[in-house]
Amino acid sequence: NFDNVVRDSVLFLIGFIFRIVFLHLQQYFTENHAIKFETELRRKLLQSYFDLGPDFSSREGSGKLVTLAIDGIGKVKQYFELNVSKQIRGAIIPTLVVIFIFYTDYVSALMIISVIPVMILLGINARDMANRQYKKYRALSNNFIDTIRGVETLKFLGVSKNYLPIMETKNKEYRQSTMKTLSVAFLNSFALDFLTTIAIAL
């Protein structure tokens with residue numbers, strides 16, 4: 001029993017040290033990659049400002065362009081750091097878990113591996129639906145902005161009231177597609193949890 005305790009303690013210590021080293025390496029590579037990405041993106045943005053000329057700066061506003069080059073690029077850098085770190089963890093941690101389970105119980109590992117393609121398909125389906133929903137949102141937003149800009153013209157032509165049912169129809173379609181996307185997302189989440197539970201239980 002004492003030997004088992006010593007062995008488990010040593011394995012825990014090794015895993016703890018590996019975790020610390022992994023987190024530091026992940027942070028190091030992520031920050032370096034994000035800094036290079038930020039520098040290259042800012043260079044391309046400034047180059048586009050010079051290529052478009054002073055007319056573009058006057059039309060868009062110098063304050064807006066400066067804010068975009070400083071704060072906007074910084075926010076993109078933060079998002080990039082989070083995205084890269086999640087991708088690294090998502091690729092390495094599940095692989096290590098499957099290897100460990102395969103070492104202890106290969107039948108359970110095979111069950112988990114068998115449900116991975118289903119989980120990937122569910123994730124792809126949810127992503128595609130979210131992308132379609134975002135395109136609908138952009139179309140609705142553009143339509144609403146165009147309507148606001150042209151409301152004076154619609155009133156002048158006497159057709160502003162005729163345009164109201166069109167907006168209501170589009171809003172209804174957007175609400176329905178939003179609810180459909182949410183329902184699919186919840187079903188995918190339930191399916192992922194269910195498959196994970198079944199794989200672990202078996």
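Helices, of type H or I and at least four residues long, are taken as DSSP runs and numbered from the N terminus. The model described here is predicted, so local features need pLDDT of at least 70 and side-chain atom pairs count only at pLDDT 80 or more, while totals for chains, interfaces and linings use all residues. Residues are numbered from 1 along each chain as its sequence is written, and side-chain values use heavy atoms, with hydrogens and water left out.

The aromatic rings come first. A pair of aromatic rings is described by the distance of the centres and the angle of the planes. Rings of Phe, Tyr and Trp (its six-membered ring) pair if their centres lie within 6.5 Å; planes under 30 degrees apart count as stacked, over 60 as edge-to-face and the rest as tilted. Across the whole structure, a search finds three aromatic pairs. One of them joins Phe12 and Phe16, a stacked pair with 6.4 Å from centre to centre and 20 degrees between the planes. These two residues are four apart in helix 1 (residues 2–52), so about one helical turn separates Phe12 from Phe16.

Their surroundings can be described by relative accessible area (buried under 20%, exposed over 50%, partly exposed in between; 1.4 Å probe, protein chains only). Phe12 counts as exposed because its relative accessibility is 62%, whereas Phe16, at 41%, counts as partly exposed. The rings of Phe18 and Phe22 are also stacked, because their centres are 6.5 Å apart and their planes meet at 15 degrees. Phe18 and Phe22 are likewise four residues apart in helix 1, and therefore separated by about one helical turn. Phe18 is partly exposed at 48% relative accessibility, but Phe22 is buried at 15%.

Phe12 and Phe16 also belong to a nonpolar surface patch, together with Leu13, Ile17, Ile20, Val21, Leu25, Tyr28 and Phe29. Patches consist of residues with over 30% relative accessible area and no salt bridge, with nonpolar side chains (Val, Leu, Ile, Met, Phe, Trp, Tyr) joined within 5 Å and like charges within 9 Å. A salt bridge here is a side-chain nitrogen of Lys or Arg within 4 Å of a carboxyl oxygen of Asp or Glu. The accessible area of this nonpolar patch is about 920 Å² together. Its member Phe29 is found in helix 1 and is exposed, with a relative accessible area of 52%.

Helix 4 (residues 106–149) provides its largest share, three residues. Lys180 is found in helix 6 (residues 160–201) and is exposed at 53%.

Note on methods
Accessible areas come from the Shrake-Rupley method with a 1.4 Å probe; for residues, only the protein chains shown count as cover.
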